[in-house]
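Dear colleague,

I am handing over the structure below, and after it you will find what turned up when I went through it. Please keep it open while you read, so that you can follow each place by eye.

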Amino acid sequence: MNAKRYLRGMLGQGWYNFTECLAWAVLYRKMPEELEYHHKVAYGPKKREWINTISRKDLAGQKKPLFVYIHGGGWASGVTDMRNTYIMNWAKKGFFCASVGYTWAPQMTYPGQVQEVYDALDFILDHAEEWGFDPDNAVVAGESAGGYYVMHVGSAAMDPSWLERAGLRFRHAGQFKPKALVDICGCIDMERLLDESKGQSEFPDMKMFVTTFLDKSYEEAKAWVKTEEGKLASPVIGPGFPPTFVIWATRDKLRFEAFDVIEELKAAGVPYDVHKCGGLIGNHAWAIATIVKPAQECLAHTWEFALPYLPEYF
């Protein structure tokens, strides 16, 4: 990687992880006694290749639906534990929850970081019997750059051959088909994120995030995402894409990305619903701050959408 780009990415990583640690301090809630928590279960040899799992103790030995959460942070940051308070809600509801960590850019860039997420999914799904969850009844959710991975998983469920063309390995491709996806303020399409005529490109440090993730200069990245190879870096929405719940925030530049995703879902005939976050949670990805009532209401709306797709359990 270009030394200047690497340094810029590392500075961004340090700053955004500092802000995430502050958010973690605010959002932190002690793990309830009724939940079983396993911290940093390794799915690979690298430092950040681990998952957290949370589930209800009273449901041990019973089959549970699966909830997978993939954190955001512009691909260059992301304190996985900061999302625990949000994920606890899904565990209390009766899900077996797995929260995925991955190596931040610039230490790991595209497609390596994407491969890590699929390696984590393979690891989670390999343990379905041991951990007592039903892989055929799953919800996958994530915020910001995590939303990118959520939609990536949706594209793989719609067309497993898309992964092969992108040079990615996912042993459970063709079998793992989430019943619903939850995209929280996601940054999804690389071409749109780099297009200065699009509102989402104005998200703070978006140019740094994308160029660090793709390991290309701005001009190189803009040209590459338009190539046949580069287009495979962005999720594809079409017929057969899983039902999707889209959450956007009124003061978030990435609301424009949500609007484009909604139009793509609509054009493909994919079942979807939308929640607009304003007021206290009107900023980027504050929907996961379920310590406040508006975020709790957003979560309730999310469940209203997702749970009917899991009739065996709800």
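Pro 106 lies in the loop between β4 (96–100) and α3, where the helices (H or I, at least four residues) and strands (E, at least two) are DSSP runs numbered from the N terminus. The peptide bond that joins Ala 105 and Pro 106 is cis, with an omega of about 10°. The loop between β4 and α3 also holds Pro 111, and the peptide bond from Tyr 110 to Pro 111 is cis as well, with omega near 0°.

Before going further, please note that this is a predicted model, in which local features need pLDDT of at least 70 and side-chain atom pairs count only at pLDDT 80 or more, while totals for chains, interfaces and linings use all residues. Residues are numbered from 1 along each chain as its sequence is written, and side-chain values use heavy atoms, with hydrogens and water left out.

Asp 215, although it is not a glycine, has a positive phi of about 55°, and its place is in the loop between α8 and α9 (218–224). Asp 215 is partly exposed, with a relative accessible area of 26%; here buried means under 20% relative accessible area, exposed means over 50%, and partly exposed lies in between (1.4 Å probe, protein chains only). Ala 285 is not a glycine either and has a positive phi of about 65°; it is found in the loop between β8 (272–277) and α12 (293–306), and with a relative accessible area of 9% it is buried.

Next come the helix pairs. Two packed helices are described by the angle between their axes and the distance between the axes. The axes are lines fitted to C-alpha atoms, for helices over the stretch in contact, and the angles run from 0 to 180 degrees between N-to-C directions.

Helix α3 (residues 112–126) packs against helix α5 (residues 145–158) at an angle of about 65°, and their axes are 11 Å apart. The two helices are therefore roughly perpendicular to each other, given that angles under 35 degrees count as roughly parallel, over 145 as roughly antiparallel, 65 to 115 as roughly perpendicular and the rest as oblique. The crossing of α3 and α5 is right-handed; a crossing is left-handed if the near helix is turned anticlockwise from the far one by less than a right angle, and right-handed if clockwise. On the α3 side the contact (heavy atoms within 4.5 Å) is made by Gln 113, Val 114, Val 117, Tyr 118 and Leu 121, and on the α5 side by Tyr 148, Tyr 149, His 152, Val 153 and Ala 156. By class, this contact has eight nonpolar, two polar and no charged residues, where Ala, Val, Leu, Ile, Met, Phe, Trp, Tyr, Cys and Pro count as nonpolar, Asp, Glu, Lys and Arg as charged, and the others, Gly among them, as polar.

In the pair α1 and α8, the axes come within 10 Å and cross at roughly 120°, and α1 and α8 are therefore oblique to each other. Their crossing is left-handed. Arg 5, Arg 8, Gly 9, Gly 12 and Tyr 16 in α1 meet Met 208, Phe 209, Thr 211 and Thr 212 in α8, and the residues of this contact divide into three nonpolar, four polar and two charged.

Helix α1 (residues 3–27) also holds Asn 17, which counts as buried at 11% relative accessibility. Leaving out residues up to four places away in sequence, Asn 17 touches Ala 76, Ser 77, Gly 78, Val 79 and Trp 104.

Finally, the salt bridges. A salt bridge is a side-chain nitrogen of Lys or Arg within 4 Å of a carboxyl oxygen of Asp or Glu, and by this rule the count comes to 16. One of them joins Glu 129 and Lys 63, whose closest N and O atoms are 3.6 Å apart. This pair links distant parts of the chain, with Glu 129 in helix α4 (residues 128–131) and Lys 63 in the loop between β2 (50–56) and β3 (64–70), 66 residues apart. Glu 129 counts as exposed at 66% relative accessibility, whereas Lys 63 is partly exposed at 43%.

With kind regards
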